[in-house]
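Please look over the fold below with its helix packing in mind.

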Amino acid sequence: MVEVKNLVKSYGSVAAVKGISFSAQQGEILGFLGPNGAGKTTTMNMITGYLSATSGSVTIDGFDILDNPKEARSRIGYLPEIPPLYLDMTVEKYLQFIYELKKVRLPRKEHLDEIMALVKIDDIKGRVIRNLSKGYKQRVGFAQALVGNPPVLILDEPTVGLDPRQIIEMRSLIKSLGKKHTVIFSSHVLSEVSAICDRIVVISNGEITADSKTEELSAITDDAGRLSLIVEGAASTVLSVLGDVDGVIKVRREASLEDNAYSYLVDYKKDRDIRRGVFRALAKADCPILEMRGAGKTLEESFLYLTDVTKVERVQKNKKGGKN
């Protein structure tokens with residue numbers, strides 16, 4: 001549905017985007033992540049046709065965004081970080097304007113009523129946009145992206161300004177839309193991306209450093225093994241015992257779960273299996289293990305790792321069979 005090939009954007013001698021390629025299929029929610037200045041927003045603007053590429057191509061449902069802009073853009077619903085609103089219009093008049101602008105052929109009243117109900121702004125449709133809260137303005141911006149029922153939705157920070165209840169509702173809406181649409185979703189809230197997206201593309205310094213399913217992202221960056229433990233006993237004793245197990249790199253106490261029981265994360269050398277050593281050491285110290293399981297890096301840890309250029313170069317080198 002969306003195909004990005006060797007996309008490059010240069011400003012003079014500075015390359016903001018350096019030949020990135022990825023695709024997103026119908027029914028897929030793709031999370032697009034990157035730190036400030038990484039080229040993420042520039043890439044999203046090129047995908048939507050708001051910015052021309054120096055080289056490379058973007059295809060939407062088989063139509064090139066530059067060669068067939070009308071056909072390609074008609075298939076895109078775009079919500080930028082700052083929604084493009086006419087503040088002096090009422091919500092309903094604004095959506096009617098967008099309906100005319102996009103030359104939508106669906107039944108006007110039924111279509112717009114359905115969209116307003118979907119994003120829960122039907123009760124404020126007669127209000128002037130200028131007088132709305134930031135959260136409601138964000139919802140109106142989302143509504144305009146849905147006008148015409150485009151198969152591709154590009155959403156840049158869609159939950160900015162929403163309260164916790166609205167964020168939960170918006171996440172649920174995006175997940176439901178992802179069943180029938182292709183959604184490219186940008187957010188700096190990593191837990192949000194983890195909860196919503198099927199796949200994550202990470203961009204750093206204008207290059208893609210990861211492209212994988214959400215649940216597999218941590219495996220790409222794991223240069224050490226990790227165990228998650230719940231252990232009964234004095235925390236100081238458990239920390240000391242675990243720290244002395246052969247192969248353990250680092251031990252962290254996470255939380256107190258019940259009387260005299262805590263959760264721990266244990267990082268260890270990846271070429272070792274420390275489970276038996278951990279069991280024997282804690283049994284000898286009379287600290288029962290209530291739970292032991294493998295654990296990967298958190299999404300936040302993976303993101304920080306994948307946006308660290310030196311570490312990414314090491315990962316890529318290891319994949320090619322090079323030395324550290």
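## Helix packing and burial

The axes of helix 5 and helix 6 (residues 164-177) come within 12 Å of each other and cross at roughly 10 degrees, which makes helix 5 roughly parallel to helix 6. Axes here are lines fitted to C-alpha atoms, for helices over the stretch in contact, and angles run from 0 to 180 degrees between N-to-C directions. Angles under 35 degrees count as roughly parallel, over 145 as roughly antiparallel, 65 to 115 as roughly perpendicular, and the rest as oblique. Helices (H or I, at least four residues) and strands (E, at least two) are DSSP runs, numbered from the N terminus.

This is a predicted model, in which local features need pLDDT of at least 70 and side-chain atom pairs count only at pLDDT 80 or more, while totals for chains, interfaces and linings use all residues. Residues are numbered from 1 along each chain as its sequence is written, and side-chain values use heavy atoms, with hydrogens and water left out.

In the pairing of helix 5 with helix 6, Gly135, Arg139, Phe142 and Leu146 of helix 5 meet Gln166, Glu169, Met170, Leu173, Ile174 and Leu177 of helix 6, where contact means heavy atoms within 4.5 Å. The residues of this contact divide into six nonpolar, two polar and two charged; Ala, Val, Leu, Ile, Met, Phe, Trp, Tyr, Cys and Pro count as nonpolar, Asp, Glu, Lys and Arg as charged, and the others, Gly among them, as polar.

Helix 5 (residues 134-146) also packs with helix 3 (residues 91-101), their axes coming within 9 Å and crossing at roughly 25 degrees, and the two are therefore roughly parallel to each other. Val91, Tyr94, Leu95 and Ile98 in helix 3 meet Val140, Ala143 and Gln144 in helix 5, a contact with six nonpolar, one polar and no charged residues.

A further pair is formed by helix 9 (residues 235-243) and helix 10, whose axes come within 9 Å and cross at roughly 140 degrees, and these helices are therefore oblique to each other. Here Val238, Val241 and Leu242 of helix 9 meet Val278, Ala281 and Leu282 of helix 10, and the residues of the contact divide into six nonpolar, no polar and no charged.

| Helix pair | Axes come within | Crossing angle |
|---|---|---|
| Helix 5 and helix 6 | 12 Å | roughly 10 degrees |
| Helix 3 and helix 5 | 9 Å | roughly 25 degrees |
| Helix 9 and helix 10 | 9 Å | roughly 140 degrees |

Leu282 lies in helix 10 (residues 275-284) and, at 0% relative accessibility, counts as buried; buried means under 20% relative accessible area, exposed over 50%, and partly exposed in between (1.4 Å probe, protein chains only). Leaving aside neighbours within four places in sequence, Leu282 is in contact with Val231, Val238, Val241, Leu242, Cys287 and Ile289. Leu282 and Gly233 are 49 residues apart in sequence, with a C-alpha to C-alpha separation of 9.4 Å in space.

Across the protein as a whole, there are 12 helices and 14 strands, and 45% of the 324 residues count as buried. Among contacts between residues at least 6 apart in sequence, 67% join residues at least 24 apart.

The largest nonpolar core has 40 residues, of which Val91, Leu95, Ile121, Phe142, Ile174 and Phe185 touch the most other members. A second, separate core of 24 residues includes Ala24, Ala38, Ile60 and Ile184. Such a core is a set of buried Ala, Val, Leu, Ile, Met, Phe, Trp, Tyr and Cys residues joined through side-chain atoms within 4.5 Å.

Seven of the nine residues of helix 1 (residues 40-48) are buried, so helix 1 is largely enclosed by the rest of the structure. The buried residues are Lys40, Thr42, Thr43, Met44, Met46, Ile47 and Thr48. Just after helix 1, Gly49 takes a positive phi of about 85 degrees.

Most residues other than glycine have a negative phi. Asn149, however, has a phi near 50 degrees; Asn149 is found in the loop between helix 5 and strand 7 (152-156) and is partly exposed, with a relative accessible area of 46%. Asp286 likewise has a positive phi, near 60 degrees, and sits in the loop between helix 10 and strand 14 (289-294), where Asp286 counts as exposed at 65% relative accessibility.
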